[in-house]
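This report concerns helix packing and nonpolar cores in one structure. Please consult the sequence and the model shown below.

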Amino acid sequence: MNLQEHIRRVLREDRKLSNFLRRRLENLDYEVESGLNGPFGGSNICIFFKNDIEFFESVMENAIDAMYYNYFSHIDDNSGEWAHEYLDMVDYIRKKYQDKIMKHYDDNCGSGSIPIKESIRKVLKEETQGIDSFLIKVMETYPNTGRFIDDIETFIKNSNCKKIEVAKFKYPALGLAVHNGVLFNEVIFKQELPDFLFIIFHEIAHQYQYKKYGDEKMYEFYLDETDVKDAAIAMKEIEIIADEFANRKVREFIKLGFINGPNKKSLFSIYKDVPLYQFERLITQTKDTIKSKNVSGFDKIAELFYNMVKVNTI
Ligand SMILES: [Zn+2]
């Protein structure tokens with residue numbers, strides 16, 4: 001059964017909150033409220049959301065997503081068990097917060113949608129520089145992607161990715177994600193489609209992380225006062241989450257019938273087995289480079305990363 005079918009089934013049953021969720025309702029409250037005080041709190045919500053219902057649903061999804069990553073990631077997100085927890089969280093949030101959240105939107109934006117907002121929203125969402133030529137290259141290399149290229153596009157745009165670029169690398173990496181965009185190694189276009197998509201989704205996952213945690217958090221590793229050991233643990237965690245995220249997305253595409261599954265039993269988890277000392281070394285080297293070049297500010301640091309990996313062509 002897929003998640004949709006599980007949900008339908010669970011909806012027909014008499015449900016009772018699981019003890020696991022009951023003990024974490026405070027955390028759910030926290031996720032909803034911190035969303036409202038953070039990313040969903042500003043006046044730009046009127047630009048990003050068409051109406052109060054859409055706004056409410058996004059706040060809810062965001063909170064449930066966070067709950068999944070923080071407390072439920074041991075459960076398969078296609079299982080009946082997750083469908084059950086998911087629906088209980090939906091019920092809980094609707095009962096406790098729906099009026100409040102919709103009121104928040106209406107107070108800030110007025111009810112109903114105003115045409116001008118529509119066009120601003122459109123422009124903002126099209127902000128991913130280079131996305132058109134990137135998607136064309138994807139379709140040229142993998143002709144089968146034509147059927148679902150819109151899904152890839154939406155996924156990238158919703159991550160707030162500002163720029164997407166392909167280049168020859170001098171550094172042995174497949175991609176680089178910084179706060180103002182993603183750079184892919186041209187060799188990824190030689191991979192099988194599932195692997196290719198995995199790599200794309202992994203880097204875009206980092207864009208979602210920037211969107212969620214903010215640029216400061218993601219650059220914290222390289223601050224002078226940050227302990228290298230702690231930074232390595234945090235960085236590995238971020239990579240593992242990006243791997244899991246990419247895996248889920250590839251599995252979703254397989255389930256939707258867009259692509260065939262890979263022959264391997266499970267897709268990659270590139271970072272799970274990378275020892276911590278490798279992260280420590282990378283962080284130390286990067287810190288040294290930042291220091292020796294006397295670079296500061298996110299834009300400059302990102303530029304430094306670009307120059308570290310990219311072969312500059314004239
Ligand atoms: Zn990564």
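Ala 205 is in contact with Ala 242, Phe 245 and Ala 246, its neighbours within four places in sequence being left aside. The model is a predicted one.

Ala 205 and Ala 246 are also among the residues with the most contacts inside the largest nonpolar core, together with Val 182, Leu 197, Phe 201, Ile 204 and Val 250. This core has 27 residues. Two or more residues each are given to it by the helices α8, α9, α10, α11 and α13 and by the strands β2 and β3. Helix α10 supplies the largest share, eight residues. Apart from this core lies another, of 19 residues, which include Phe 49, Tyr 86, Tyr 97 and Ile 101.

Two residues of that other core, Tyr 86 and Ile 101, also take part in the contact of helix α5 with helix α6. The two helices compare as follows.

| Helix | Residues | Among its residues in the contact |
|---|---|---|
| α5 | 52-72 | Phe 55, Phe 56, Val 59, Met 60, Ile 64 |
| α6 | 80-109 | Trp 82, Tyr 86, Met 89, Ile 93, Ile 101 |

How do the axes of α5 and α6 cross, and at what angle? They come within 8 Å of each other and cross at roughly 140°. The helix α5 is therefore oblique to α6, since angles over 145 degrees would be needed for roughly antiparallel. The crossing in which α5 passes α6 is right-handed. By class, the contact of α5 with α6 has 16 nonpolar, one polar and three charged residues. The charged residues include Asp 52 in α5 and Glu 85 in α6.

Definitions and conventions. Residues are numbered from 1 along each chain as its sequence is written. This is a predicted model: local features need pLDDT of at least 70, side-chain atom pairs count only at pLDDT 80 or more; totals for chains, interfaces and linings use all residues. Axes are lines fitted to C-alpha atoms, for helices over the stretch in contact, and angles run from 0 to 180 degrees between N-to-C directions. Helices (H or I, at least four residues) and strands (E, at least two) are DSSP runs, numbered from the N terminus. Angles under 35 degrees count as roughly parallel, over 145 as roughly antiparallel, 65 to 115 as roughly perpendicular and the rest as oblique. A crossing is left-handed if the near helix is turned anticlockwise from the far one by less than a right angle, and right-handed if clockwise. Two residues are in contact if their C-beta atoms, placed from the backbone, lie within 7 Å. A nonpolar core is a set of buried Ala, Val, Leu, Ile, Met, Phe, Trp, Tyr and Cys residues joined through C-beta atoms within 7 Å. A residue is buried if 20 or more other C-beta atoms lie within 10 Å of its own, exposed if 12 or fewer, and partly exposed in between; C-beta atoms are placed from the backbone.
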